[in-house]
Amino acid sequence: MKRDWELCRKILKLTESYEKIPRPGIPTIEGYGEEQIGYHCYLLDDAGLLAAGNLGLLNMSWGYYPRNLTSAGHDFLEAAEAPGVWQRTFETIREKALPTTVEVVKAMLFEVVKSSMSGSGP
């Protein structure tokens, strides 16, 4: 399964909205199946952006669900939610033909924010 950065962002936004740690269960996100969401929760946990729980279901290979954001996850999401930053980040990555690894996306995301503060482009 390929990583879908838009789904990653949606999971982070959903998790940020939680008032308390949810009961175990994979959330519903329109346009995505449980396996996709579970897999991406696992990836976000592995990247240190959120803490995911594992349902441990034998009939589901990716039974992960979001529990809470990490501090790094809050920082990532706050940067991604700044006006135009998410789109400019991925435009820059495409223009420079960079890989969309977690480290590259994080670095470019914060570079776009930094350049927005100084008024220059990435």
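Predicted model: local features only at pLDDT ≥ 70, side-chain atom pairs only at ≥ 80, totals over all residues.
1. Residues are numbered from 1 along each chain as its sequence is written, and side-chain values use heavy atoms, with hydrogens and water left out.

2. Begin with helix α4, residues 85-95. Helices (H or I, at least four residues) and strands (E, at least two) are DSSP runs, numbered from the N terminus. Its buried residues are V85, W86, T89, F90, T92 and I93. Buried means under 20% relative accessible area, exposed over 50%, and partly exposed in between (1.4 Å probe, protein chains only).

3. As background, an α-helix has 3.6 residues a turn, so residues three or four places apart point the same way. The face turned away from the buried side carries the exposed residues Q87, R94 and E95.

4. Now see what covers that buried side: α1 (5-16), α3 (71-80) and α5 (102-118) are included. After α4 comes A97, with a positive phi near 55 degrees.

5. The whole structure holds 8 aromatic pairs. Rings of Phe, Tyr and Trp (its six-membered ring) pair if their centres lie within 6.5 Å; planes under 30 degrees apart count as stacked, over 60 as edge-to-face and the rest as tilted. Y39 and W62 are edge-to-face, because their ring planes stand at 70 degrees, with centres 4.6 Å apart. Y39 lies in helix α2 and W62 in the loop between β1 and β2, so this pair ties together parts 23 residues apart in sequence. Y39 is buried at 16%, while W62, at 25%, is partly exposed. W62 also forms a tilted pair with Y64.

6. Finally, look at W5, which ring pairs link with F76, W86 and F90 into a cluster. W5 is also among the residues with the most contacts inside the largest nonpolar core, which has 30 residues. Such a core is a set of buried Ala, Val, Leu, Ile, Met, Phe, Trp, Tyr and Cys residues joined through side-chain atoms within 4.5 Å. At least two core residues come from each of α1, α2, β1, β2, α3, α4 and α5.

Definitions and conventions:
Contact = heavy atoms within 4.5 Å.
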